[in-house]
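Please take a moment to look over the sequence and the model below before reading on. The paragraphs that follow begin at a single residue and then widen the view step by step.

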Amino acid sequence: MKNLVSTKLAIIIFAVIMAFFGANNILHAKSMAANVPSFLPLAKVMAYISGIGFLLAAVAFIIDRYAKIAGYLLALLLLLIVFSVDLPGVVRAPDEAIKMLFVTAMLKDAALAMAAVLIADISRERTI
């Protein structure tokens, strides 16, 4: 597959957005911890860990080193968010407006996970 400028630009923009999410998780860990499922211990630490994961994936995508494993791990993290935060939010939403916010977040997170898989699949590394 040809390495198009538009593809590289799209990956860089995706990485910048993931870096923003990572920085947001780290800088606002206390408020992000409220979204961590109760079955996970140390909610604030989990917010920091996920923030670091977003940042590391962003760096891996930009420099195209370890992008394959970073893409798959980022997809796993995002799918965990879909099933542990977004989906329970849909189920427990007190009204339709809140439910639709969680549905939108769930679809966004699932789409970002699939984009991370695509980046992993087109990275220059051929094996994990």
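Ala 33 counts as buried because its relative accessibility is 13%, where buried means under 20% relative accessible area, exposed means over 50%, and partly exposed lies in between, with a 1.4 Å probe and protein chains only. This residue is found in the loop between helix 2 and helix 3, helices being DSSP runs of H or I with at least four residues and strands being runs of E with at least two, numbered from the N terminus. If residues up to four places away in sequence are not counted, Ala 33 touches Ala 43, Lys 44 and Ala 47, a contact meaning heavy atoms within 4.5 Å. Between the C-alpha atoms of Ala 33 and Pro 94, which are 61 residues apart along the chain, the separation is 20 Å.

Before going further, note that this is a predicted model, in which local features need pLDDT of at least 70 and side-chain atom pairs count only at pLDDT 80 or more, while totals for chains, interfaces and linings use all residues. Residues are numbered from 1 along each chain as its sequence is written, and side-chain values use heavy atoms, with hydrogens and water left out.

The C-alpha trace spans about 50 × 30 × 25 Å along its principal axes. Of the 128 residues, 34% count as buried, and among contacts between residues at least 6 apart in sequence, 68% join residues at least 24 apart.

What lies in the interior? The largest nonpolar core has 19 residues, of which Phe 14, Met 18, Phe 54, Phe 61, Leu 74 and Leu 78 touch the most other members; such a core is a set of buried Ala, Val, Leu, Ile, Met, Phe, Trp, Tyr and Cys residues joined through side-chain atoms within 4.5 Å. Two or more residues come from each of helix 1 (5–27), helix 3 (43–63), helix 4 (67–92) and helix 5 (96–122), and helix 4 gives the most, with six residues. Leaving aside neighbours within four places in sequence, Phe 61 is in contact with residues including Lys 8, Phe 14, Ala 70, Leu 74 and Ile 119.

Another buried residue is Ser 50, which counts as such because its relative accessibility is 13%. Ser 50 has its place in helix 3 and touches Asn 25 and Leu 77, again not counting residues up to four places away in sequence.

Two loop residues complete the tour. Leu 42, in the loop between helix 2 (29–32) and helix 3, has a phi near 50°, a positive value in a residue other than glycine, and it counts as exposed because its relative accessibility is 61%. Tyr 66 lies in the loop between helix 3 and helix 4, has a phi near 60°, which is also a positive value in a residue other than glycine, and counts as exposed at 52% relative accessibility.
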